[in-house]
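Subject: Structure for your review

Dear colleague,

Please find below the structure that I promised to hand over. I would be grateful if you would look through it first and then read the notes that follow.

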Amino acid sequence: MSYNLLKGKKGIIFGALDPNSIAWKTAERVHEEGGTFVLTNAPIAMRMGQINELAEKTGSEIIPADATSIEDLENLVSKSMEILGGKIDFVLHSIGMSVNVRKGKAYTDQNYDWTQKGTDVSAMSFHKVMQTLYKADAMNEWGSIVALTYMAAQRVFPDYNDMADNKAYLESIARSFGYFFGRDKKVRVNTISQSPTPTTAGQGVKGFDGFIAYADKMSPLGNATALDCANYTVTLFSDLTKRVTLQNLFNDGGFSNMGVSDAIMEKFVE
């Protein structure tokens, strides 16, 4: 169902890879709600994914960009404003990567070059995106910037590895830069802490099926899906949340406030 919540709004969506990705689902929902946008991803991710199909479906243009490169981001922002015909109303940062996770390196045995690469892609890129938008004065007043995170930023999930540190850093950047964006540009910045979701990136984490099953049994409403996250993101892009900023918002079926559930206790009590 569409409510025209984003009619006339323009933006940039980072990270759509395939129909499993939250950014992909968000792009579909933004399109349904009347928003227009530019799609972007790293060139290597674009070769792996199906972004052209999404662009055709939503009538969007694609601008390849490495989110760790200021030059690429400056080009992305200026070209997006040309294509969209003015300043931007919303941005989704849906980017995360750990080389240590990909290559099976334990948290206690990090390759620090890989760690640094993952931090740059997963967290520092968010600062770079916002700094580029800020310096270009590219955002409309009451615009909205959202990044996706995970609860391992606050609690220990051993196999989430250095991605937990990256997400903690990401959330801090959202608060710190969000202050300046709010004060100077009337732009809001938030993160959504999503349930474990079977995206292509998520499934690379060791024990991911266990993450999902455990969270589902802990959460009174069950896990939030990628579509649930897309719908939540739409509300944050809309004018209905104009003064929500500097928040880490949990979209996790209640998991984040649970200590234990009956379903989990039943596993331990005969």
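A charge is said to sit over an aromatic ring if NZ of Lys or CZ of Arg is within 6 Å of the ring centre and within 35 degrees of the ring normal. In this structure, which is a predicted model, the charged end of Lys242 is placed in that way over the ring of Trp142, at 4.8 Å from its centre. Another such case is Lys185, which lies over the face of Tyr134 at 5.0 Å from the ring centre.

The sheet

The model contains an open sheet of seven strands, paired in parallel, in the order E3-E2-E1-E4-E5-E6-E7. Strand E3 (61-62) and strand E7 (248-251) are at the edges; each has a single partner strand, so one side of each has no neighbour in the sheet.

Strand E2 (residues 36-40) runs parallel to E1, and five bridges join the two. Within this pair, Phe14 stands opposite Thr40 in E2. Four of the five residues of E2 are buried, which leaves the strand mostly covered.

Helices also lie across the sheet. Helix H7 lies across E4, E5, strand E6 (188-194) and E7, at about 175° to E5.

In soluble globular proteins, nonpolar side chains tend to be buried together. Here the largest nonpolar core has 32 residues, and those with the most contacts inside it are Phe14, Phe126, Leu133, Ile145 and Phe181. At least two residues of this core come from each of the following: strand E1 (10-14), helix H4 (70-84), strand E4 (88-93), helix H6 (112-135), strand E5 (139-149) and helix H7 (163-185). The most is given by H6, with six residues.

Which residues does Leu133 contact, leaving aside its neighbours within four places in sequence? They are Val77, Ile88, Val91, Ala138, Met139, Ile145 and Phe181. Another core, of 25 residues, lies apart from the largest one and has Phe37, Ala55, Phe90 and Val146 among its members.

The aromatic pairs

A pair of aromatic rings is described by the distance of the centres and the angle of the planes. The model has eleven aromatic pairs. One of them, Phe90 with Phe237, is stacked, with 4.7 Å from centre to centre and 25° between the planes. Phe90 belongs to strand E4 and Phe237 to helix H9 (residues 226-237), so this pair ties together parts that are 147 residues apart in sequence. Both Phe90 and Phe237 are buried.

The pair of Phe157 and Phe255 is tilted, because the ring centres are 6.4 Å apart and the planes are at 40°; tilted pairs are those that fall between the limits of under 30 degrees for stacked and over 60 for edge-to-face. Phe157 is in the loop between E5 and H7, while Phe255 is in the loop between E7 and helix H10 (262-265), 98 residues apart. Are these two residues buried or exposed? Phe157 is buried, with a relative accessible area of 13%, and Phe255 is buried at 7%; buried means under 20%. Phe157 and Phe255 also belong to one aromatic cluster together with Tyr150, Tyr160, Phe211 and Tyr214.

Individual residues

Arg188 is buried, with a relative accessible area of 2%. Leaving out residues up to four places away in sequence, Arg188 touches Trp142 and Lys242, among others including Gly143, Ile145, Phe237 and Asp239. Arg188 and Glu141 are 47 residues apart in sequence, and their C-alpha atoms are 9.1 Å apart in space.

Finally, two residues other than glycine have a positive phi. For Lys186 phi is near 60°, and this residue is in the loop between H7 and E6. For Leu246 phi is near 65°, and this residue is in the loop between H9 and E7. Lys186 counts as partly exposed at 37% relative accessibility, and Leu246 counts as partly exposed at 34%.

Yours sincerely,
A colleague

Notes
Residues are numbered from 1 along each chain as its sequence is written. This is a predicted model: local features need pLDDT of at least 70, side-chain atom pairs count only at pLDDT 80 or more; totals for chains, interfaces and linings use all residues. Side-chain values use heavy atoms; hydrogens and water are left out. A nonpolar core is a set of buried Ala, Val, Leu, Ile, Met, Phe, Trp, Tyr and Cys residues joined through side-chain atoms within 4.5 Å. Buried means under 20% relative accessible area, exposed over 50%, partly exposed in between (1.4 Å probe, protein chains only). Contact means heavy atoms within 4.5 Å. Two strands pair if DSSP finds at least two bridges between them. Axes are lines fitted to C-alpha atoms, for helices over the stretch in contact, and angles run from 0 to 180 degrees between N-to-C directions. Rings of Phe, Tyr and Trp (its six-membered ring) pair if their centres lie within 6.5 Å; planes under 30 degrees apart count as stacked, over 60 as edge-to-face and the rest as tilted.
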